[in-house]
Amino acid sequence: MNVTAIFNFLLIAGAVQGFIFNIATFLSRKKIERPVLFLNLFVFFLSLNNLQSWMIDKGFISSNFFMSHFSVPWYVLIVPMFYAFLVYYLKIEEKKWPFLQLTLSIFLLEVIARSAVILLVQKGVFKAETIALYNSIEDALTLLYSVFLYIKAIRILYNYKGLYHQILEFDNLKWIKIFLKLGGVVIFLWLVAVLLNLFSEDIKAPYSYYPLRIGSSILIYWVGYQAFFQYVILEDRIGLRGKIRKQGFSIPKDDIPKERSNTVREEGVFKDMDSYIKENQRYLDPNLNMDSLAKELSMGTSTLSNIINQYAKQNFSDYINSFRVTEAKKLPENPDFSAYTIVAIGLECGFNSKSTFYSAFKKFTGQTPTQYRK
């Protein structure tokens with residue numbers, strides 16, 4: 001198998017995986033929300049673009065002059081669909097324009113312009129080389145528009161956190177930042193291909209696009225799992241938040257255990273602390289640590305640690321996680337929560353990651369959360 005065959009195999013494999021993702025997503029959702037729709041359109045247009053490139057390389061095109069030179073500029077729609085997904089995922093569509101109308105206008109304009117150039121070449125008005133030149137110019141302009149939206153996506157994530165502070169309570173968006181880094185690599189490969197097409201005498205299309213196609217195929221695999229998974233987790237956590245948690249974490253002053261005199265046994269302090277944590281659901285706070293809890297209880301950190309070790313027979317981490325696991329165990333037993341993912345339940349019960357949740361759950365129950373639910 002030569003290098004070209006390997007590139008083509010990865011190209012068609014990525015496209016097929018993208019289409020399977022689209023089908024599986026639509027079959028698994030009773031309702032297609034806008035973030036899911038634009039995520040699927042992103043994968044769909046990326047897959048269509050790769051499929052079209054594969055068909056051209058393999059020679060599966062009509063011998064008709066117009067059809068043999070015409071290709072649909074699906075790549076115009078790829079980055080805008082991700083940008084629209086980001087806007088709707090963060091629920092800021094009323095504050096940030098998703099650029100859908102402009103994108104569709106650019107797409108239709110390129111289809112018309114490309115058709116016109118091919119027809120004029122066919123009639124002998126332009127030379128045959130004009131088609132290749134037009135393709136390179138169109139590619140460069142589309143790249144500029146994609147870079148524009150890519151930069152706007154970065155600015156939203158890093159400069160406009162105030163617009164989506166509620167989402168940050170459920171998702172730290174690290175996965176989107178990783179996605180943008182991967183997307184940046186793909187855009188760079190796209191830039192290299194454009195420069196080679198315009199200025200190189202030796203490397204032209206389709207060879208200039210091979211690294212870009214590999215990068216985009218990998219991106220399909222990554223997005224197909226990660227983005228959809230994170231969206232499901234986000235929606236489940238939003239749905240679970242009001243059902244699991246009491247209203248807020250306000251701490252009545254009279255309920256805060258005061259510094260105890262030496263005549264009061266430490267066991268009483270532990271019971272008060274234990275009740276305080278349960279009643280205020282402090283264990284649901286993923287950022288709870290020994291320092292913050294000691295401050296709330298008006299006692300020293302070492303005193304708190306000694307009391308927990310002595311009366312709970314656990315260290316602080318296991319003591320708090322035991323409450324979280326107890327809370328998490330209630331939900332799979334309740335049919336009302338059967339539709340929620342296990343990971344979303346763990347995160348809403350105070351764990352800050354899937355791995356920590358699974359590890360603690362198995363430590364206290366002897367089973368993984370998935371086994372326990374079954």
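Tutor: Start with the contacts (heavy atoms within 4.5 Å). Of those in the protein with a separation of 6 or more, 74% join residues 24 or more positions apart.

This is a predicted model, in which local features need pLDDT of at least 70, side-chain atom pairs count only at pLDDT 80 or more, and totals for chains, interfaces and linings use all residues. Residues are numbered from 1 along each chain as its sequence is written, and side-chain values use heavy atoms, with hydrogens and water left out.

Confidence comes next. pLDDT is the predictor's confidence in each residue, from 0 to 100. The protein averages 86, and 94% of the residues score at least 70. Among the elements, helix 5 (residues 100-122) has the highest mean pLDDT, 96. Helix 9 (residues 210-244) has the lowest, 82. Over residues 247-264 the pLDDT is below 50. That stretch still has 23 contacts in the model beyond near neighbours in sequence.

Now the fold. The secondary structure comes to 16 helices and zero strands. Here helices (H or I, at least four residues) and strands (E, at least two) are DSSP runs, numbered from the N terminus. The C-alpha trace spans about 105 × 40 × 40 Å along its principal axes. The radius of gyration, taken over C-alpha atoms, is 28 Å for the protein. A compact globule of 374 residues would have a value near 21 Å, by the rule of 2.2 Å times the number of residues to the power 0.38.

Burial follows. Buried means under 20% relative accessible area, exposed over 50%, and partly exposed in between (1.4 Å probe, protein chains only). Of the 374 residues, 46% count as buried.

With that in place, take Phe-99. Phe-99 sits in the loop between helix 4 (78-89) and helix 5. Its phi is near 65°, a positive value in a residue other than glycine. Phe-99 is buried, because its relative accessible area is 10%.

Then Lys-313. Lys-313 lies in the loop between helix 12 (301-311) and helix 13 (316-333). Lys-313 is not a glycine either, yet its phi is positive, about 60°. Lys-313 counts as exposed, because its relative accessibility is 67%.

Phe-99 has a positive phi and is buried. Lys-313 has a positive phi and is exposed.
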